[in-house]
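Please read the points with the coordinates at hand.

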Amino acid sequence: MIKKFIDRLLGKSSAPAGRRANPFGKREDVPASVHGIDRSLVDQRALDVVHTLKQAGFEAYLVGGAVRDLLLGLRPKDFDVATSATPEQVKGLFRRAFIIGRRFRIVHVIYGRGREHEVIEVSTFRAYMDNAAAEQVAGNERTSKGELAGMKHAVDASGRVLRDNVWGPIEQDAARRDFSINAMYYDPETQTVVDFHHGIRDAKKRTLRMIGDAATRYREDPVRIIRAVRFAAKLSGLGFTFDAKTLAPLASSHTLLADVPQSRLFDEMLKLLQTGHALASIEQLKAVGLGTGIYPLLDIVVQRADDDFVKLALQDTDRRVSEGKPVAPSFLLACVLWADVRKAWNQHLTPRPNQRPPAPFAALQAAVDDAFEARIGDVSGRGKLGADMREIWMMQPRFDKRVGTSPFSLVEQPRFRAGFDFLRLRGQVGEVEEELAHWWETFSTASDAMREDMVDAQRRENLAKPGASKARRVKRTDADHPAAAAAEPNEVDPRFRSVEGDEGGDAPSDDTPLDEGSAPAKKRRRRRRKPTGAGPVEGGGGGSDEAGG
């Protein structure tokens, strides 16, 4: 009895070797008449990768979420392929293929170019390795980088896998995968599904079940905790729920995430929020007790998910993903942190005693710096992501100016659309007038002539407001423009008087109104006159103009 208790504590099984559960499961080849997958839902490029690998003599299958979605009658967005070929062998079969990754070496096969390109991810069957037999390092990916360079299978002191590049047969690869519904292999040429761990049964029962002991699997790779939440959120609309043994250790295992690199956690956070199920993911985090403690920035998202502005941003992100439109993490994070920026902006705008108020743009820049220091830290806060967020925020005051040349330059900015979408959400929650967003939406799609008319109409509206300046912009087409007056030499525009001492009489005075679209007129430079006397004036001044000023 005591031995059984100790074995359970140590994770050992007391059953005889012959009666122990087979970790590799039992292979089942399920025909199309049973699984019912529609082959037409498979992307042609994925079919091409599988066919090329099989023609070269290797095993090759579609695997993972793509097979799960096909089984559920959904069209997958991404296709992954698993094969018996090594990364080097895969790379040699395709013209545009790249080996990536250190922890797991995989191959990206690229089709197309630019934004229309597609990546088919190809991984090699991995061997089922006992982590107790793996090489162990004291540090992590960064501190033990040199030590890990020559290792194929290594773990840290907590048992987290740092290297896993040992190849094996398909049944061992299936045992290495996380959920049973993600461990099915589909051969589109024979239309057979290879199932080792009752994935088809779990899919029909709408059950999310971890392969093997859940607590051990979370310890091997703590990011599986976040993946479990993401899958549950994605499939909750189809009625999927956690298996009891998979759910039980989920919340208590979150402390293992402390050893995961911050950059990887940041990427996993973005997957939670940008795969079309952001609101469902947040609800799932709360439901399983993981609303806090995964990642500081994610804690803020969960905390503010019920705020009108942030909720609208999350809904907008989910909508764009469902419509197949691109989404940018900078936009969503700019929405989440806008409350911090706005609060700091108001504080910086408040003048100190006996001091002048700071300029609005300078105050906003200081507020943005404060938000980065407090919330973003070193993770992408100073890179392109941070630059895009900063540009979205700094664009907001510029939307208030709708006269002069400012609207024309603003609409040409590369990030204008993101800044405008941000303004639109602000209008929906009443932070700014919705009419302002409507004006900019019309302006951005209008012709040049219509834009000119809109700016002129806005200028007249501003002048009609109480206390507004009555100064008027003189256009070249106006009858009282200097160019029109020059056409009639006998008539002199009373606004343009000659300067004393200027022989031409056509230089404008300092108070002459100018056309905003033209450069100020050049003043004629007075020519120095040589003195009429025989010698130079004492002191070397050079002439009478010196005294005249």
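This is a predicted model: local features need pLDDT of at least 70, side-chain atom pairs count only at pLDDT 80 or more; totals for chains, interfaces and linings use all residues.

How many residues does α12 have, and what distance does α12 reach from its first C-alpha to its last? Helix α12 has 13 residues and reaches 18 Å between those two atoms, close to the 18 Å expected at 1.5 Å a residue.

**Packing of α12 against α14**

- Helix α12 spans residues 262-274 and helix α14 spans residues 296-304; the two pack at an angle of about 25°, and their axes are 9 Å apart.
- Because angles under 35 degrees count as roughly parallel, α12 is roughly parallel to α14.
- On the α12 side, the contact is made by Phe 266, Met 269, Leu 272 and Leu 273, which meet Leu 297, Leu 298 and Val 301 of α14.
- By class, this contact has seven nonpolar residues, with no polar and no charged ones.

- The buried residues in α12 are Leu 265, Phe 266, Glu 268, Met 269, Leu 270, Leu 272, Leu 273 and Gln 274.
- Elements covering these buried residues include α10 (223-235), α13 (278-287), α14, α15 (308-322), α16 (329-336) and α19 (384-395).
- An α-helix has 3.6 residues a turn, so residues three or four places apart point the same way.
- After the helix comes Gly 276, which has a positive phi, near 90°.

**Salt bridges linking separate parts of the chain**

- The structure holds 34 salt bridges.
- Asp 221 counts as buried because its relative accessibility is 7%, whereas Arg 264 is partly exposed, with a relative accessible area of 23%.
- Another salt bridge joins Glu 435 to Arg 402, with the closest N and O atoms 3.4 Å apart.
- Glu 435 belongs to helix α22 (residues 434-445) and Arg 402 to the loop between α19 and α20 (406-410), so the pair ties together parts that are 33 residues apart in sequence.
- With 43% relative accessibility, Glu 435 counts as partly exposed, whereas Arg 402 is buried, with a relative accessible area of 11%.

**Further charged pairs**

- Arg 45 forms a salt bridge with Asp 43, in which the closest N and O atoms are 3.2 Å apart.
- Arg 45 counts as partly exposed, at 30% relative accessibility, and Asp 43 counts as buried, at 18%.
- A network of salt bridges links Asp 316, Arg 319, Glu 323, Lys 325, Arg 417, Asp 421 and Arg 424.

**Ser 406**

- Ser 406 is placed in helix α20.
- This serine, Ser 406, is buried, with a relative accessible area of 15%.
- Leaving aside residues up to four places away in sequence, Ser 406 touches Arg 398 and Lys 401.

Technical notes. Residues are numbered from 1 along each chain as its sequence is written. Side-chain values use heavy atoms; hydrogens and water are left out. Axes are lines fitted to C-alpha atoms, for helices over the stretch in contact, and angles run from 0 to 180 degrees between N-to-C directions. Helices (H or I, at least four residues) and strands (E, at least two) are DSSP runs, numbered from the N terminus. Angles under 35 degrees count as roughly parallel, over 145 as roughly antiparallel, 65 to 115 as roughly perpendicular and the rest as oblique. Contact means heavy atoms within 4.5 Å. Ala, Val, Leu, Ile, Met, Phe, Trp, Tyr, Cys and Pro count as nonpolar, Asp, Glu, Lys and Arg as charged, and the others, Gly among them, as polar. The expected span of a helix is 1.5 Å times one less than its number of residues. Buried means under 20% relative accessible area, exposed over 50%, partly exposed in between (1.4 Å probe, protein chains only). A salt bridge is a side-chain nitrogen of Lys or Arg within 4 Å of a carboxyl oxygen of Asp or Glu.
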